[in-house]
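Take a look at the structure below. This short report walks through its charged groups, its rings and its strands.

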Amino acid sequence: PYTFTLGTRELLRADFSKQVGNVPFFQSTLVTVQKGYIVSFTFLGSDNDEVEGLIEKLSFSGKGAPRK
């Protein structure tokens with residue numbers, strides 16, 4: 001795992017790939033701790049570019065959901 005910055009957040013990232021028959025699988029997992037909880041995001045794709053495209057769409061807002 002290595003440190004990965006996304007916007008203003010610093011996360012840990014690990015990348016994996018595996019070939020199953022003729023089908024390649026690529027995975028990246030991003031992990032952070034927020035308010036005492038471990039939060040993990042896992043992205044899967046058929047190539048590294050697809051996974052990177054998914055990660056680029058991840059963003060964090062400054063406000064949480066309103067409490068009821």
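R13 lies over the face of F4, at 4.8 Å from the ring centre. The model is a predicted one. Is R13 buried or exposed? With a relative accessible area of 3%, R13 is buried, because that value is under 20%.

Side chains of opposite charge can pair when their charged atoms come close. How many salt bridges does a search of the whole structure find? The search gives 2 salt bridges. One joins the side chains of D15 and R13, at 2.8 Å from N to O. In another, R13 meets E52, and the closest N and O atoms are 2.5 Å apart. R13 sits in strand 2 and E52 in helix 1, so this pair ties together parts that are 39 residues apart in sequence. The salt bridges share partners, and R13, D15 and E52 are joined into one network.

The table lists how accessible some residues of this report are.

| Residue | Relative accessible area | Class |
|---|---|---|
| R13 | 3% | buried |
| D15 | 38% | partly exposed |
| E52 | 25% | partly exposed |
| F41 | 22% | partly exposed |
| F60 | 30% | partly exposed |

**A pair of rings**

A pair of aromatic rings is described by the distance of the centres and the angle of the planes. The count here is 1 aromatic pair. The rings are those of F41 and F60, with centres 5.9 Å apart and planes at 75°. Why is the pair edge-to-face? The angle of 75° is over 60 degrees, so the pair falls in that class. F41 is partly exposed, at 22%. F60 is also partly exposed, at 30%.

**Strands and a hairpin**

The protein has 1 helix and 4 strands. Along the sequence, the pattern reads β-β-β-β-α. Strand 3 covers residues 23–34 and strand 4 covers residues 37–45. In which sense do strand 3 and strand 4 pair? The sense is antiparallel, and the pairing runs over 9 bridges. One example is V33, whose bridge partner in strand 4 is I38. The hairpin of strand 3 and strand 4 has 2 residues between the strands. In this hairpin, K35 takes a positive phi near 50°.

**E10 in strand 2**

Strand 2 spans residues 9–20 and includes E10. E10 has 58% relative accessibility, so E10 counts as exposed, the cut-off being over 50%. Which residues does E10 touch, not counting residues up to four places away in sequence? They are T3, F4, T5 and T32. E10 and L30 are 20 residues apart in sequence, and their C-alpha atoms are 9.7 Å apart in space.

**The whole protein**

Finally, some totals. The protein has 68 residues, and buried residues make up 21% of them. The accessible surface comes to about 5500 Å². Carbon and sulfur atoms account for 56% of that surface. Consider contacts between residues at least 6 apart in sequence: 17% of these join residues at least 24 apart.

Terms used. Residues numbered from 1 in each chain as written. Predicted model: local features only at pLDDT ≥ 70, side-chain atom pairs only at ≥ 80, totals over all residues. Heavy atoms only, no water. Pairing = 2+ DSSP bridges. Buried < 20%, exposed > 50% of the residue type's maximum accessible area, 1.4 Å probe, protein only. Contact = heavy atoms within 4.5 Å. Areas by Shrake-Rupley, 256 points an atom, 1.4 Å probe, with all protein chains shown as cover. Phe/Tyr/Trp six-rings, centres within 6.5 Å; stacked < 30°, edge-to-face > 60°. Lys NZ or Arg CZ within 6 Å of the ring centre and 35° of its normal. Salt bridge = Lys/Arg side-chain N within 4 Å of Asp/Glu carboxyl O.
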